[in-house]
Amino acid sequence: MLKLKMYDDLFRCKYVLYVGDFDEFIDEVRKDKAYPGDPRSHVDAVCMELSSAIIIWMPKLDPCDPEHIGTLAHECLHAVQFRLKGAGVSDAEIEVPAYYIDWLMCGFLRKLRNRTPNPKSA
């Protein structure tokens, strides 16, 4: 399972993007005391706000696949909505979420591009 972490110093929030097997993802996040329960319905991707982080799960993430990038953008929007609502940012502020999604997406994609291959997956 690929696990990419980011931390936002401004809003003091941790984000984790999981890419891989859904059951491994569930085993990992079930450890968080705020885990809301197993979303066993058929899902293409998930975004949840836990006590330790805002997390996103996707089964695959190919940075050259428009469908994957679209799904990442969709889930990053949910992550930004969770955090900005918690920070009291008004819905009228249209530039704040736009810049925040830009930061989050670019951060995850840079980490994906710059990661070293895992010898276990080779």
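**Entry 1: E75**

I started with E75, which is buried (under 20% relative accessible area; exposed is over 50%, and partly exposed lies in between, with a 1.4 Å probe and protein chains only), and I found that E75 has no salt bridge. A salt bridge here is a side-chain nitrogen of Lys or Arg within 4 Å of a carboxyl oxygen of Asp or Glu. Where is the nearest side chain of opposite charge to E75? That is K85, 16 Å away. For charge, Lys and Arg count as positive and Asp and Glu as negative, while His and the chain ends are not counted.

I note that this is a predicted model, where local features need pLDDT of at least 70, side-chain atom pairs count only at pLDDT 80 or more, and totals for chains, interfaces and linings use all residues. Residues are numbered from 1 along each chain as its sequence is written, and side-chain values use heavy atoms, with hydrogens and water left out.

What does the side chain of E75 reach? I found the backbone nitrogen of C47 at 3.3 Å. Leaving out residues up to four places away in sequence, E75 touches A45, V46, C47 and I56, where contact means heavy atoms within 4.5 Å.

**Entry 2: the helix around E75**

E75 is found in helix α2. Helices (H or I, at least four residues) and strands (E, at least two) are DSSP runs, numbered from the N terminus. I checked the length of α2, residues 66–87: at 1.5 Å a residue, its 22 residues should span 32 Å, and the end C-alpha atoms are 31 Å apart, which agrees. The expected span is 1.5 Å times one less than the number of residues.

Next I looked at both ends. At the N-terminal end, D65 caps α2, with a side-chain oxygen 2.8 Å from the backbone nitrogen of E67. After α2 comes G88, whose phi is positive, near 80 degrees.

Which residues of α2 are buried? My list reads H68, L72, E75, C76, A79, V80, R83 and L84. The buried residues of α2 pack against β2 (13–19), β3 (46–49), β4 (54–58) and α3 (95–114).

**Entry 3: salt bridges**

I then turned to charged pairs. Side chains of opposite charge can pair when their charged atoms come close. How many salt bridges does the structure hold? It holds three.

K3 and E28 meet in one of them, at 2.7 Å, N to O. This pair links distant parts of the chain: K3 sits in strand β1 (residues 2–8) and E28 in helix α1 (residues 22–29), 25 residues apart. K3 is partly exposed at 36% relative accessible area, and E28 is partly exposed at 27%.

E28 also meets K31, at 3.9 Å, N to O. K31 is exposed, with a relative accessible area of 67%. I marked K3, E28 and K31 as a network of salt bridges.

R30 forms a salt bridge with D27, with the closest N and O atoms 3.5 Å apart. R30 is partly exposed at 43%, and D27 is partly exposed at 48%.

**Entry 4: aromatic rings**

My last search was for ring pairs. Rings of Phe, Tyr and Trp (its six-membered ring) pair if their centres lie within 6.5 Å; planes under 30 degrees apart count as stacked, over 60 as edge-to-face and the rest as tilted. By this rule I get eight aromatic pairs.

Why is the pair of Y15 and W103 edge-to-face? Their ring centres are 6.2 Å apart and their planes stand at 65 degrees, so the pair is edge-to-face. Y15 lies in strand β2 and W103 in helix α3, 88 residues apart, so I noted a link between distant parts of the chain. Y15 is buried at 1%, whereas W103 counts as partly exposed at 33%.

F22 and F25 form a tilted pair, 6.0 Å centre to centre with 45 degrees between the planes. Both are buried.

Ring pairs also link F11, Y15, Y100 and W103 into a cluster. F11 lies in the loop between β1 and β2 and is buried at 19%. Not counting residues up to four places away in sequence, F11 touches R83, L84, A87, V89 and Y100.

Note on methods: A polar contact is a pair of N or O atoms within 3.5 Å; within protein, one must be able to donate a hydrogen and the other to accept it, and residues adjacent in sequence count only if both atoms are side-chain atoms.
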